Amino acid sequence: MEQYERALVFWDENFSKAEAQEIIDWNLGSKIYQEILIHFCADKKMILDFGCGNGWASHFFAANSNANIVGIDQSMNAVKIAKETSKLNCYENTKFLVGNQTYLKTLPDDSFDAAFSNNVFDVIPTDLAETVFEQFKRILKPDAELLIVLNYELTDKRAEEIKMKKFDKNCFELDGNLRAVNYSVEDWKKILGKYFEIIKYKGFNYDWDTAKAERRIFFLKNKK
Ligand SMILES: C[S@@+](CC[C@H](N)C(=O)[O-])C[C@H]1O[C@@H](n2cnc3c(N)ncnc32)[C@H](O)[C@@H]1O
């Protein structure tokens, strides 16, 4: 899908403008989300952060647990900034790699006991998301936990407000870049349920979001 190919370039250019920063104080903008992430990483040994972007979640896990964290993103600039941030903050238990679904295929079976992903599967084509879920199933241990966090469900009104245009049944673009693959919570449960056991669903809001659009967290377990 050409809109997705353009979005990959968009992400990479976006991260080229970022700078590594010293992290003084953690505030993820939602107390609920922050507590969920603290709980999620607490007892883990190997966490995969897929589509890690600048690595903020990997850094958060590094700061809040003894886990080893592997962040993977297709964007070279994202990975560069993630590595620099780890170095600046002396997080020794993180590793960042440039890669995508193809790279996941090179990882051994049962090599992670948790996977995390924030706002990735709702910006990539669904067949690609499902390829990643198949790899997650393989590289995660039996009963491994997954947290899949997705942006809010877009209504047509909201899409218009933020100037996104629908170009396919569930797909929205901005400036020609795929920016949202839009499903309801129930649709996501059906997709995710093909690969994983759904333990729980929880919505949350960011403090800064005056529209109070519900972000979505799916608590999952690997079924082998
Ligand atoms: C909306 S950003 C989210 C980044 C990060 N997870 C966060 O919460 O800030 C989507 C990320 O997914 C990455 N991405 C998109 N398709 C990918 C793929 N096939 N493999 C790996 N990363 C991908 C992009 O480069 C981008 O960093």
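Biologist: How do the residues of the shell around the ligand divide into nonpolar, polar and charged?
Modeller: This is a predicted model, in which local features need pLDDT of at least 70 and side-chain atom pairs count only at pLDDT 80 or more, while totals for chains, interfaces and linings use all residues. Residues are numbered from 1 along each chain as its sequence is written. Ala, Val, Leu, Ile, Met, Phe, Trp, Tyr, Cys and Pro count as nonpolar, Asp, Glu, Lys and Arg as charged, and the others, Gly among them, as polar. On that basis the shell divides into 7 nonpolar, 8 polar and 1 charged.

Biologist: Which residues around the ligand come nearest?
Modeller: A residue is near a molecule or strand if its C-beta atom, placed from the backbone, lies within 6 Å of it. There are 16 residues around the ligand, and those that come nearest are W11, G51, G53, N100 and N118.

Biologist: Which residues of helix 4 does helix 1 meet?
Modeller: Helices (H or I, at least four residues) and strands (E, at least two) are DSSP runs, numbered from the N terminus. The axes of helix 1 (residues 2–16) and helix 4 (residues 76–88) come within 7 Å and cross at roughly 35 degrees; axes are lines fitted to C-alpha atoms, for helices over the stretch in contact, and angles run from 0 to 180 degrees between N-to-C directions. Contact requires C-beta atoms, placed from the backbone, within 7 Å. From helix 1, W11, D12, F15 and S16 meet M76, N77, A78 and I81.

Biologist: Which are the edge strands of the open sheet?
Modeller: The open sheet has 7 strands in the order 3-2-1-4-5-10-9, with mixed pairing. Two strands pair if DSSP finds at least two bridges between them. Pairing on one side only marks the edge strands, which are strand 3 (94–98) and strand 9 (196–204).

Biologist: Which residue of strand 10 is the bridge partner of E197?
Modeller: Strand 9 and strand 10 (residues 215–222) run antiparallel and are joined by 8 bridges. In strand 10, E197 has as its bridge partner K221.

Biologist: At about what angle to strand 9 does helix 8 run?
Modeller: Helix 8 (residues 185–193) lies across strand 5, strand 9 and strand 10. Its angle to strand 9 is about 155 degrees.

Biologist: Which residue takes a positive phi in the hairpin of strand 7 and strand 8?
Modeller: Strand 7 and strand 8 (residues 177–181) run antiparallel, joined by 4 bridges, and L174 stands opposite N177. The hairpin has 2 residues between the strands, and a positive phi near 50 degrees is taken by D175.

Note on methods
Two residues are in contact if their C-beta atoms, placed from the backbone, lie within 7 Å.
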